[in-house]
Structures are given as C-alpha cells and as structure tokens.
Amino acid sequence: MANLGSSSRDGFSSKFGVIAAAAGSAIGLGNIWRFPYVLGESGGGAFLLLYLFFIIAFGVPVMTSELLIGRKAQKNVFGAFKSLAPGKPWFLVGTMGVLAAFLILSFYSVVAGWTIEYVYLAVKGSLSGSPDEINMIFEEFKASQFWPYFWTIVFLILTALIIVGGVKNGIEKYTKILMPLLFILIIVLDVKALLLPGAGKGIEFLFKPDFSKINGEVILAAMGQAFFSLSIGMGVIATYGSYIPKSQNLGKTALSVSLTDTLIAVLAGVAIFPAVYAFGMAPEQGEGLVFKVLPNIFNQMTGGYVFSVMFFVLLTIAALTSSISLLEVIVAYLSEEYGMKRSYAIWATTLVVSVLAMLCVYSVKVFGSFDFISSNVLLPLGGVLIVLFVGYVMKKSEVRAELEAHGKKVVYFDIFYFIVRYIAPVAIMFVFLNGVGVINFG
Ligand code: PHE
C-alpha cells in the first residue's frame, strides 16, 4: 500500500482493487486458524451463534462507520480523526490502533511462521502418518529452538518487502485470483470432511448450541473474534475506506466483506470439526488445532499431496494480505505523523515487531496476552470509540450524506444510526466489562 495518505492518493487502480484489499485484510489466519480453535475451546455451537450475532449487530455497523470516516476525510485513520475533529483527542483511536497493530502483528507472524513450516513439510511430503504422528509433527516443530523463530522472521521480512513494493503489484493482483482459489480449496476440504465416518458429531458440535457453555468469557471471546476477523476497531478499514470512490455504497461494501469473511470462517469450521471427531481428537486442542487436524484430511484424499501444498501456500498468502494491512497502519503513522521516511519506518517497525514476535515464540503467556489485549480489549474499545464518533461527533446529516453519496437513499439508515448511537457502544462496553469480570452477570 505504498502512497497511502500521500497527496497523489493513487494506492489502488480500481474500485474492485480496494474492496479486494479490504477483504484481503479481513480474510486470513483469523478465519482458518483462530476461529476454529477459539470455537473449539469455547464449547462449539453456542459460540458460533454469538459470533454470528456480533458480526451482524456490531461488526457490520462498526465496519460501515470506519469506512465512512475514512472516505469522508480522504485520509488514513489519524489524519481522518484530526481533520474531522480538529483539536480534539479523537486521533487517539488511531494511536490505540497502532498499539493493537504492533501486538497483533507480533503473534500473527508466529502463526504465519507455522504455516510456512507446513508449506515446507507439505512439499517434502512429510505431513503423513497416523493422527498421533501428525500431532507429534506439530509438537516437535513447536519445541524446536530454531525453526519457529526462523519462519516468523521470514514472514515478517516478506510482509515488509510487499509494503516496500507498493500496492498495485502487491495486493491487488494476487488477492483477486488467489482468494477465490483458497475458497474453492476449503469447499473441497468440506466435502471430504463431511464424508468421513463420524462426521455428524463434528457438525453437531459446530451447529448445535449448548447454552450451558456460555459465560461472560465466552461472550467476550466471540465478540473479540468478530472484531479480529473483520479487521475492525483499529483503523485498517478506515484507511481502506479513504480509497473507495463516492459512487460505491459503503453499507453494502461492509455487508459483503463481512459476509464473505464469515462464510470462510464457517466453512473452515465445517472442514475441521467433522475431522476432529472422525480422527478421535478433541476440539479443545488450543492454537495447534488446524495444524493437527487438516493434514489428516489431506492424507485421505486422492491428490492430497498437491492439495496440501496448495492449501498451505494459499493460507500463507492470505496471512500476508492481512499482515500488510497491519504493518501499513504503523508505517503510515510513523511516516505521516513523524515525517519518518517510509522505507526507514518499514524496516524499523519490522525490527521492533521481530523482537516482540520472538517473545511470542518463546512464551505462550506472552503470545496469549498479546492476543487477548488486542482482540478482546483494544479492538472492541476502538470499535466503541468509532461508533461514538459517528453517532455523536459527526453531524447526522453528514453521516447520511456519506452513506448516500452513491446517489441513492439507504433504507437502513435509521436502524444503522440507532445501533451506532445507542446499542453498539453500550452493548460492546457491557460485553467487555462482563467478560473481564469488572461487572458480573455470569
Ligand atoms: N482479520 C485478519 C484475519 O482474520 C487479522 C487482522 C486483524 C488484520 C486486525 C488486520 C487487523 O486474519
């Protein structure tokens, strides 16, 4: 995303380019790695219901709000808040977003590093064996004192190189072809998984809610997952919004990006949980779940070798289209707020994030707390501030004008405005405070 925020503002060559980029940011390890493992640990179907609820009730309105802030201001997130509310501290939302970007990028690159290792193993043909052996492959890799560090750094360098290279030859070209391909592969995996003996149990786990599994923590985890997966609450989407032409319907854009993202997560779940049960595993495997389960499905497929290589390559690319959006937030901040040279900002950030990421490889505790603080704290709080900004700082007429800039009345305006002003801020705060145990409604 070179030139983001520069006066030429020529980051994307087409309308589809920027929407593909926003979808590229949203779709990533959050859908295929994080969603199934968090759902597996949070009791299954009830978590799914909550997750879907949060996507529709808060995810889409927050994403719409972010897009409209960015497009109205025609600036990245800091510039946007500064120009829409001059002299007020709203730009701190952007600062919080930068902090979140540092934390997310740090643990995200660790998991992306695992994915690269799996590309390597898939190419070598080593992802074979019994489910127990597959399990051991992951555990042994994680225990290695070298490879997890090495691949994490490789991933961070790849991310930096793409940002150095710029948007047009970076994201746009690849996202348009490769993301649909990833989608097709997941469907193939779904079909295979559904045909496994005992698949029904996994489908039941995923879709049949057991409400006794719900507590404040699970509700917060579902909300955090919704924010994380949609890349909202930290300014990434606002920045992309600044590149969307006025002729585009923002509400519709937010809805289609959100639904695509959600569909991919659910389809990933449909591939994984039947296999979990078919291979006699438990859904509460923690963050290794996908890596322990998927190779078993590939092993049962004709052409499994080719599929497994393709899958892990595409997953790495999906991770890259997300990580570049994270790195760009930090780089735009440093270069535009502090006048740092972009190339210097890119490599300095990569260096700092590398150190933080090493800590995440070294300690599960650091990994877990970076994840918790960003997904369950910073993104929801950022989301609250964003909707408050749209609901109370911007004029109602301005908000409406931006949402209707494509020239048609939007029928959902009143409900959107009501959610943004009254429901979302209160409900997100409530879920957050209840989840961290400040207030206690169970
Ligand atoms: N949404 C991305 C994913 O699901 C992760 C991400 C979060 C990217 C926040 C940018 C900002 O993989």
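Select the shell around the ligand to begin: its residues divide into 7 nonpolar, 8 polar and no charged, where Ala, Val, Leu, Ile, Met, Phe, Trp, Tyr, Cys and Pro count as nonpolar, Asp, Glu, Lys and Arg as charged, and the others, Gly among them, as polar. The model on your screen is predicted, so local features need pLDDT of at least 70 and side-chain atom pairs count only at pLDDT 80 or more, while totals for chains, interfaces and linings use all residues. Residues are numbered from 1 along each chain as its sequence is written, and side-chain values use heavy atoms, with hydrogens and water left out.

**The ligand**

Stay with this shell, in which 15 residues surround the ligand, the closest being A26, G30, Y108, F228 and S231; a residue is near the ligand if one of its heavy atoms lies within 4 Å of it. Next colour the helices α1 (15–26), α2 (29–41), α5 (92–124), α10 (216–230) and α14 (304–338), each of which supplies at least two residues of the shell; helices here are DSSP runs (H or I, at least four residues), numbered from the N terminus.

Now look for polar contacts, which are pairs of N or O atoms within 3.5 Å. An oxygen atom of the ligand lies 2.4 Å from an N or O atom in the side chain of Y108, a backbone N or O atom of A26 is 2.8 Å from an oxygen atom of the ligand, and a polar backbone atom of S229 is 3.1 Å from a nitrogen atom of the ligand. The protein covers 100% of the 320 Å² of accessible area that the ligand has on its own, as computed by the Shrake-Rupley method with a 1.4 Å probe.

**The largest pocket**

Move on to the largest pocket, which holds about 390 Å³ of space; a pocket is an open set of points on a 1 Å grid over the protein atoms alone, with protein on both sides within 12 Å along at least five of seven lines, and its lining residues have an atom within 4 Å of a point. Of the 17 lining residues, select V38, E41, A221, F372 and N376, the closest to the centre. The largest share of the lining, 6 residues, comes from α16, and by class the lining has 8 nonpolar, 4 polar and 5 charged residues.

**The second largest pocket**

Finally, select I56, A57, V60, P61 and T64, which are among the residues that line the second largest pocket, where about 280 Å³ of space lies. The helix α3 gives the most to this lining, with 5 residues.

Methods: Polar contact = N/O pair within 3.5 Å; in protein donor to acceptor, adjacent residues only side chain to side chain. 1 Å grid on protein atoms, 1.4 Å probe; cavity = no way out; pocket = protein on both sides within 12 Å on 5 of 7 lines; lining within 4 Å. Points joined across faces, edges and corners; volume = space filled by probe spheres on them.
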